[in-house]
Amino acid sequence: MTQWLSSEPRQGANAAPGDDELRMIPRWSMLLALLLFAGMQYIFHGVMPHHKQEMLPLRLMMGYAWGTLVASYALLLGYVSRDVKRRGMSAGLWMLVCVVLPGGIGAVVYFMLRQPVLSRCPACAISISSTYHFCPQCQFQMAPVCGECHRGVKITDAFCTLCGHDLAQDGAPARLRAYSD
Ligand SMILES: [Zn+2]
Ligand SMILES: [Zn+2]
């Protein structure tokens with residue numbers, strides 16, 4: 001099991017989604033987020049005229065709300081800048097779309113149109129979509145499939161959930177068998 005995992009050059013992005021999604025946010029965007037948040041506090045408490053002392057709670061709230069908004073936008077931009085790369089999409093174009101389209105619309109468009117994550121074929125090392133079951137160049141089996149209907153199955157399944165085929169008859173490749181033990 002461990003031997004199979006270490007010999008697998010597959011990028012971490014596919015293995016543990018939750019953890020890796022956080023690591024997808026680069027340091028520059030975290031720094032930018034902090035700066036923007038601080039900048040917003042400065043605008044609301046330093047630049048804006050505040051002769052009325054009773055407005056302070058409102059000003060605190062507005063500063064916090066705007067600060068959080070721009071900071072999360074910086075984090076989102078950072079995420080997109082890394083996410084485009086592992087999907088083989090144009091980084092410049094999508095960063096521009098996210099910055100230019102106002103109010104996060106660009107980001108929404110991005111998340112609707114983004115391509116599946118690319119992974120690397122362990123056998124011939126070409127970049128392929130992680131949704132593929134077989135490598136299009138060398139026929140290396142990337143994911144467990146039913147030998148009868150060729151649709152994806154779980155590695156722990158004994159029978160295909162779609163056609164009822166007995167998966168034990170298929171003779172899965174050694175790398176897939178090591179996974180289920
Ligand atoms: Zn291949
Ligand atoms: Zn099947």
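Predicted model: local features only at pLDDT ≥ 70, side-chain atom pairs only at ≥ 80, totals over all residues.

User: Which atoms coordinate the zinc ion (ligand 1)?
Analyst: The SG atoms of Cys 121, Cys 124, Cys 135 and Cys 138, at 2.2 to 2.3 Å. Cys 121 sits in the loop between strand E1 (118-120) and strand E2 (127-129), while Cys 138 is in the loop between E2 and helix H7 (174-180), so the pair, 17 residues apart, links distant parts of the chain.

User: What's the geometry of that site?
Analyst: Tetrahedral, with angles of 107 to 114° among the 4 donor atoms. For reference, the ideal angle for four tetrahedral donors is 109.5 degrees.

User: And Cys 121, buried or exposed?
Analyst: Cys 121 counts as buried because its relative accessibility is 1%, under the 20% cut-off. Cys 138 has a relative accessible area of 33%, so that one is partly exposed.

User: OK, on to the zinc ion (ligand 2). What coordinates it?
Analyst: Cys 146, Cys 149, Cys 160 and Cys 163, each through SG, at 2.3 Å. The donor residues there have the spacing C-x2-C-x10-C-x2-C in sequence.

User: Which arrangement do the 4 donor atoms around the zinc ion (ligand 2) make?
Analyst: A tetrahedral one, because the angles they subtend run from 104 to 117°. As for accessibility, Cys 146 is buried at 0%, whereas Cys 149 is partly exposed at 23%.

User: Switching to backbone. Which residue other than glycine has a positive phi near 65°?
Analyst: Ala 125. Ala 125 is in the loop between E1 and E2, and with a relative accessible area of 43% Ala 125 is partly exposed. His 150 also isn't a glycine, and its phi is positive at about 60°; His 150 is in the loop between E2 and H7.

User: Last topic, helices. How do the axes of H5 and H6 cross?
Analyst: At roughly 140°, and the axes of H5 (residues 91-100) and H6 (residues 105-113) come within 7 Å. That angle makes H5 oblique to H6, because only angles over 145 degrees would count as roughly antiparallel.

User: Which residues meet there?
Analyst: From H5, Trp 94, Val 97 and Cys 98; from H6, Gly 106, Ala 107, Val 109, Tyr 110 and Leu 113. The residues of that contact split into 7 nonpolar, 1 polar and no charged.

Note on methods. Residues numbered from 1 in each chain as written. Chains lettered and ligands numbered in written order. Heavy atoms only, no water. Axes fitted to C-alpha atoms, helices over the stretch in contact; angles between N-to-C directions. Helix = DSSP H or I, 4+ residues; strand = E, 2+ residues; numbered from the N terminus. Parallel < 35°, antiparallel > 145°, perpendicular 65-115°, else oblique. Contact = heavy atoms within 4.5 Å. Nonpolar A, V, L, I, M, F, W, Y, C, P; charged D, E, K, R; others polar. Donors = N, O, S within 2.8 Å, 3.2 Å for Na, K, Ca; no water. Tetrahedral: all angles 85-135°; square planar, octahedral: opposite > 155°, others 65-115°. Buried < 20%, exposed > 50% of the residue type's maximum accessible area, 1.4 Å probe, protein only.
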